[in-house]
Amino acid sequence: MLWWLGAALAAVPVCPDVCVHPATYEFNVAPVEQAVADADHTFRVLVFEAVGSSKGTWSSGTERALEESWSSWDSSMAIDAREDVLIVLALDEREVRVKTGSTWDAKLGLWGDALLPFIDAEFLPRAKAGDLGGGLASLVTALDDEIDRRQADEAAQLWRRTQVEGLSLSGGVMQPPGIEAAYPKAAETGAWVAVFPEASPGVVGEKSGTELLLTEIVKRRSLPADRRVVVAGLDEGLVLVRQPPALAREYGLWDLRANLGEDPDAAIVAAVARSEAALAEKVAEAEERERRRQEEIRRAEQRAEEQARRELLVSLFFAVTSALALFLLLLFLWRSRVAQAHERYRAVLEPRRAALDEARANLSDLQIDVETRDRLVELKLKGPVTLATLDSVGELVAELHAGVGALEAQVRGVTRDEPGFAWTPSVWTALTVRLQEGLAFDTTAQRALLFGGEGQQVRATPEEVMARLEESYADARDGWQRILDAAEASLHRCRDDFPADDLQRMLRELAESELPQSWLRTHPLLPEAERTWDRLDAIRRADPVHYLDELDEAIGEDDALEQVVAELLGARAAAMQAHQDVREADVAGIDSAFTDPALDPRLLLGEMAEHQRGLDAALASGEELVGVREHAAALLELAARAIELADATREARSHGAERLAAASALIDELSRVRAERARTLGEMLSVFVPEALSSAMAELGEADVDAREAREAWASAEDLWSRSCHLEAVRQVESVHAELGQARTDLEEMAEQLAAARAEHARAEDLWRTIDEVRAKHQARLTQLAGHASGIDLSQGDTLLAGLRERWDERPADWKSRAVRLETVAQAWATAVGQAEERKRAHDARIARERAARQRARQKSSSSWKSSSSSRSYSSSRSRSSSYSSRSRRSGYSSSSSRSRSSGRSYSSGGRSAGRKW
């Protein structure tokens, strides 16, 4: 590649004004040649069809071509390295680069970023439009004008410097040679006064010539820092007064500006007087501010002293209060520990007391006095069931009494030792521990009070004893009551405890209902009550508790048979009432026809008769209770169904004609709505393609199917009505309503589909109206991004949009698809802008990294890059007419050029030179 590039450069003619390589390549050089010929300075323009890629220290092939051409022509003396300008255009890389001579580089500052605005403003717009020759010509003209302008500025600066350096002092007035001391009053003011007959060389700038001369005097003449400087420009009629620098900074005074008028001397004196007055005013204001500041300082010191005294008092108060608070806090914490220990003690004691009160109240029912014990003594001579009950109940009651006694003794002992006031928590902790100690008690004494027998030693914790009290009290109470009942039963006869009254009543009820007495065959008093009573009396005398068990069983059987008899009588009465309800409903008198036998209530009467016979047989059997229940339930259900169908049939016969007419009206209304929807659909088909309205057309088809089924159902209902099938006709009308409801739903969904299609149409039209504005916005953003958008344009979206423009006026159309395609166009533009913005972000990030790296390098380096006036430094040696050394920097990097720096913009990692791409 290097060999090829060298060969290509060797083939380029030496120092032509405009050169195209290869020579056979067609390029419009006419405007460029004209611009070069009209320029006041020498320009060289090289246009390469291809320079190829470049690696190493060069950012691009264009930069290598420029530097190699400059170096080659400089070596052969074919180019003036001081004042010539070289422009290289590489068509393969779409890049342009500019390099100026050392004079324009160093003297006028035309290098690096200073050249970029001219490339951006003059060349890039025309290059993007395809006018490369015009862009190069405009760039040549703009650079030529800029060199002239900067030379003129430099000449004006030199003139001012010469004027200032040539000033002479005459009586306190500085003036150019040859000017007499015509301003004695100005000299008496004590200021340094410079009077210029001509203050401006004719160059118009942002500042006047007098202002620029004042700046030059202050910079170049060593004047006392405590003197005013007055500069007057007679040609501009202007006088400027600058206060002494120290006073200006101290009092914030700026240059005073005044007109000279007809008497310059008097105007200078007046201006100085005004400046002195302004200074005096500022001094007075400063002294007043200082006086106020000192007064404020004195007041602040007084306030500070008062504040210090207050703070001392507060500190003392705080110290005493803190000590007291600390003591109270410690006391509070100690008392809190005591209170917590006391609370834990009460948390154990109070539930124990409550449990003991409840247990003592419960056990009061189990107290045995002498009379009761004497009554129960004879039970000890009875049978084994009674004896076992006495023994178990006696042991349980004795244990409960003894446990309660032991708990009460423990609580009394602990509460007796409670202190009136405790300073330490250990007292309450010890009492709490005592409340939780295990218990040991003997039930022998309690057994002796009851029925005798041996007691037992019991060891348990208080919690176990309390749990035993809660769990065993119910058993003890029931057992004790059982013993009392047994003692009481020994005094009665069985016929008194279990009389035959209930049996006689049930026999009478069965007889009155003509039901067999065999339903009571399991009754304990059948077949002979006397025999049952005698058997139970014998058990009562021998073993009273056993007697109570037998008696409970007999009474339970009597209660169960009472429920059976009640159920039998209830089933018989319910069946009779059901028949009565059917007769009152006149089910048999229904005057309607039925195609479905299941809807004919008259047919249910036969089923009711069958279940009635089954019920009668089950009642007469004396034992088939399940059959009674099943037949009675079926009979009641049939009766209710028959009455329901009879009422529905009569209601249908009364109002069926009205319902048929109403259904017919609804069908007509649906037909009208359907016609409106179909007309709307037809109108929209002139704007939309059928595929875009396929959903609405499908809903219309479904509505037609539902409407047809509704009409068929209505026809069937009318036919049933004509055949007197009133109930079935009305039920068919219900089907008509169901189908009509579905059809209405289909038409509503169709309307929603049509509305959605119209919304898509409106959306597409809105996007179409604003699409040009959207493109303009994206194009403006690309223009702002400038070089970052190199090679990026909106062509992809434009291509898509062009296809839409060709067919936009076609009707019908798929508007949803068009809206999506417009959104795709806008997205394509946004994507292009996003790529450029991503490049900018990457570029900014890279620049930030490079800047940080250079900053770190500068901090570590002690080379010649330090300077008080600029961040750049140049080599101390110059070669060939003040050109830069071959080791001079270009944007912070070394360059192979021996004369000057090239400019443009590069996005590579270096800053040697750069170029704009389009």
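Four glutamates, Glu702, Glu748, Glu749 and Glu752, come together on the surface as a patch of negative charge. This is a predicted model, so keep that in mind as you look around, because local features are taken up at pLDDT of at least 70. Helix 23, which covers residues 726–785, supplies the largest share of that negative patch, with three residues.

**The negative patch**
- Glu749 is one of the glutamates in the patch, and you'll find glutamate 749 in helix 23.
- How exposed is glutamate 749? Its relative accessible area is 32%, so glutamate 749 counts as partly exposed.

**Another spot on helix 23**
- Histidine 778 also has its place in helix 23.
- Is histidine 778 buried or exposed? Histidine 778 is buried, because its relative accessibility is 13% and the cut-off for buried is under 20%.
- A polar atom in the side chain of histidine 778 sits 2.8 Å from the backbone oxygen of valine 774.

- To find phenylalanine 327, look in helix 10, which runs over residues 264–363.
- Phenylalanine 327 has a relative accessible area of 52%, and since exposed means over 50%, phenylalanine 327 counts as exposed.

Note on methods: Residues numbered from 1 in each chain as written. Predicted model: local features only at pLDDT ≥ 70, side-chain atom pairs only at ≥ 80, totals over all residues. Heavy atoms only, no water. Patch = residues over 30% accessible without salt bridge, like charges linked within 9 Å, V, L, I, M, F, W, Y side chains within 5 Å. Areas by Shrake-Rupley, 256 points an atom, 1.4 Å probe, with all protein chains shown as cover. Salt bridge = Lys/Arg side-chain N within 4 Å of Asp/Glu carboxyl O. Lys, Arg positive; Asp, Glu negative; His and termini not counted. Charge placed at Lys NZ, Arg CZ, Asp CG, Glu CD. Helix = DSSP H or I, 4+ residues; strand = E, 2+ residues; numbered from the N terminus. Buried < 20%, exposed > 50% of the residue type's maximum accessible area, 1.4 Å probe, protein only. Polar contact = N/O pair within 3.5 Å; in protein donor to acceptor, adjacent residues only side chain to side chain.
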